[in-house]
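Colleague: I'd like to learn how to read a fold from its coordinates. Could you walk me through one?

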Amino acid sequence: MKKIIKTKNAPAPIGPYNQAVMSGNMLFISGQIAINPTTGELETSDLKKETSLVMENLKAILEEAGLNFENVIKTSIFISDMNNFSKINEVYAQYFDAETAPARETVEVANLPKFVNVEISAIAVKA
């Protein structure tokens, strides 16, 4: 059984998918990009601000499901240029305790939706 998770505090999907799906105690969050949920505008002028907005979109979805970043067990980070890794990682690290940070992979890709610089998806568990 699955439950669809939706919030107005994160951008609406731009295709045939949902922001997140809860199945049992597992939450699967679709990849988030830097779309401002209030304006619907893409914000990519500053990489750190872009990454922060991606993380805030993830946070909004987690909160809608009654969870937070402590519940995240796995993330996938997709970036358009591996040279941006340290800046993205610096912002990402602000959302997790280093001792309990989730597993993750970071992959450089040729292109991302709307040609953004970073997209992050997550899997969380409700304890």
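This is a predicted model: local features need pLDDT of at least 70, side-chain atom pairs count only at pLDDT 80 or more; totals for chains, interfaces and linings use all residues.

Colleague: Fine. How many helices and strands does the protein have, and what pattern do they follow along the sequence?

Modeller: There are two helices and six strands. Going along the sequence, the order is β-β-β-α-β-α-β-β.

Colleague: And how do I judge how compact the protein is?

Modeller: You set the radius of gyration against what the globule rule gives for the chain length. Here the radius is 14 Å and the rule gives 14 Å for 127 residues, so the protein is as compact as a globular protein of that length. Along the principal axes, the C-alpha atoms fill a box of roughly 40 × 35 × 25 Å.

Colleague: What share of the contacts comes from residues 24 or more positions apart?

Modeller: Taking contacts with a separation of 6 or more, 68% join residues 24 or more positions apart. As for burial, 39% of the 127 residues are buried.

Colleague: What about the surface and the charges?

Modeller: The protein exposes about 7,100 Å², and carbon and sulfur atoms supply 50% of that. It carries 12 positive and 15 negative side chains, with the centres of the two sets 7 Å apart.

Colleague: Now the rings. How many aromatic pairs are there?

Modeller: The structure holds three. To classify a pair, look at the angle between the planes: over 60 degrees counts as edge-to-face. Phe69 and Phe96 have ring centres 5.2 Å apart and planes at 75°, so this pair is edge-to-face.

Colleague: Where do those two sit in the chain?

Modeller: Phe69 is in the loop between helix H1 (47-64) and strand E4 (72-79), while Phe96 is in the loop between helix H2 (85-93) and strand E5 (103-108). They are 27 residues apart, and the pair links distant parts of the chain.

Colleague: Are Phe69 and Phe96 buried or exposed?

Modeller: Both are buried. They also belong to a cluster, in which ring pairs link Phe69, Tyr92, Tyr95 and Phe96.

Colleague: Which residues is Pro37 in contact with, leaving aside its neighbours within four places in sequence?

Modeller: Those are Lys8, Asn9, Ala10, Pro11, Leu53 and Asn57.

How values were computed
Residues are numbered from 1 along each chain as its sequence is written. Side-chain values use heavy atoms; hydrogens and water are left out. Helices (H or I, at least four residues) and strands (E, at least two) are DSSP runs, numbered from the N terminus. The radius of gyration is taken over C-alpha atoms; the globule rule is 2.2 Å times the number of residues to the power 0.38. Buried means under 20% relative accessible area, exposed over 50%, partly exposed in between (1.4 Å probe, protein chains only). Contact means heavy atoms within 4.5 Å. Accessible areas come from the Shrake-Rupley method with a 1.4 Å probe; for residues, only the protein chains shown count as cover. Lys and Arg count as positive and Asp and Glu as negative; His and the chain ends are not counted. The place of a charge is taken as NZ of Lys, CZ of Arg, CG of Asp or CD of Glu. Rings of Phe, Tyr and Trp (its six-membered ring) pair if their centres lie within 6.5 Å; planes under 30 degrees apart count as stacked, over 60 as edge-to-face and the rest as tilted.
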